[in-house]
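Student: Hi! Could we go through this model together? I'd like to start with charged side chains.

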Amino acid sequence: MSVGATVLLAGGCDTGGSKPDSLYQKLIGSWRVNTVSSGENSPSPLIDTVRIEFSRENAVRSYRIIQDHSSDTTRVGRVFIPKSNVLRMGGYRTPLVWTFKFDGSRSVQLQLSRAGDTAVQEFLADIGQGGSARRLTLELLRDSG
């Protein structure tokens with residue numbers, strides 16, 4: 001496990017009420033990145049398994065991205081839920097802002113709604129993908145193990 005994974009992250013707060021809280025509660029846990037779509041191409045599965053773990057400790061909401069083949073944490077950061085179904089991931093040059101929706105309890109789709117080009121390139125590198133994308137959609141599956 002990397003040293004970065006043991007760093008205590010600073011907390012974030014919401015501007016909304018209990019609905020964003022309950023939506024984030026559903027995200028807590030480990031999710032495997034199943035497919036990545038950059039808009040023009042059809043969704044492609046990842047060759048290596050990459051997980052995104054969402055957690056909450058007291059008022060601290062955070063994520064970490066983990067490459068399973070090496071167990072390395074490639075990024076950690078804070079999570080903010082500014083309103084229902086909107087997730088903002090810090091830890092990048094500019095925040096990644098996603099809309100998200102659940103498909104049952106085992107699948108969630110994240111669609112990038114706002115981010116700088118450099119932040120998108122950094123995120124793609126973190127999940128083992130190269131290049132850049134103006135539009136980006138991820139399908140995450142609840143990690144069972």
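Student: Which residue forms a salt bridge with Asp 143, and how far apart are the closest N and O atoms?

Tutor: Arg 51 does, with the closest N and O atoms 3.9 Å apart. A salt bridge here is a side-chain nitrogen of Lys or Arg within 4 Å of a carboxyl oxygen of Asp or Glu. The pair links distant parts of the chain, 92 residues apart: Arg 51 sits in strand E3 (residues 50-57) and Asp 143 in the segment after strand E9 (137-142). Helices (H or I, at least four residues) and strands (E, at least two) are DSSP runs, numbered from the N terminus.

Student: Is this an experimental or a predicted model?

Tutor: This is a predicted model: local features need pLDDT of at least 70, side-chain atom pairs count only at pLDDT 80 or more, and totals for chains, interfaces and linings use all residues. Residues are numbered from 1 along each chain as its sequence is written, and side-chain values use heavy atoms, leaving out hydrogens and water.

Student: Good to know. Is Arg 51 buried or exposed?

Tutor: Arg 51 counts as buried, at 16% relative accessibility, while Asp 143 is partly exposed with a relative accessible area of 25%. Buried means under 20% relative accessible area, exposed over 50%, and partly exposed in between (1.4 Å probe, protein chains only).

Student: What about Arg 51 and Glu 53?

Tutor: Those two form a salt bridge as well, with the closest N and O atoms 2.6 Å apart. Glu 53 also meets Arg 64 in a salt bridge, at 2.9 Å from N to O. Glu 53 lies in strand E3 and Arg 64 in strand E4 (residues 60-67), so this pair ties together parts eleven residues apart in sequence. Arg 64 counts as buried too, at 19% relative accessibility.

Student: Which residues are linked in the network of salt bridges?

Tutor: Arg 51, Glu 53, Arg 64, Asp 68 and Asp 143. The count of salt bridges comes to six.

Student: Switching topic: how many helices and strands are there?

Tutor: Two helices and nine strands, in the pattern α-β-β-β-β-β-β-β-β-α-β along the sequence.

Student: How does E6 pair with E7?

Tutor: E6 and strand E7 (residues 96-102) run antiparallel, joined by four bridges; two strands pair if DSSP finds at least two bridges between them. Met 89 stands opposite Leu 96 in E7. In the hairpin of E6 and E7, with six residues between the strands, Gly 91 takes a positive phi near 95°.

Student: And which residues have the most contacts inside the largest nonpolar core?

Tutor: Phe 54, Leu 87, Trp 98 and Phe 123, in a core of 32 residues. A nonpolar core is a set of buried Ala, Val, Leu, Ile, Met, Phe, Trp, Tyr and Cys residues joined through side-chain atoms within 4.5 Å. Leaving aside neighbours within four places in sequence, Trp 98 is in contact (heavy atoms within 4.5 Å) with residues including Val 86, Leu 87 and Phe 123.

Student: Last one: what pLDDT does the protein chain average?

Tutor: The average is 82, and 81% of the residues score at least 70. Over residues 1-17 the pLDDT is below 50. pLDDT is the predictor's confidence in each residue, from 0 to 100. Where it is low, the predicted coordinates should not be read in detail.
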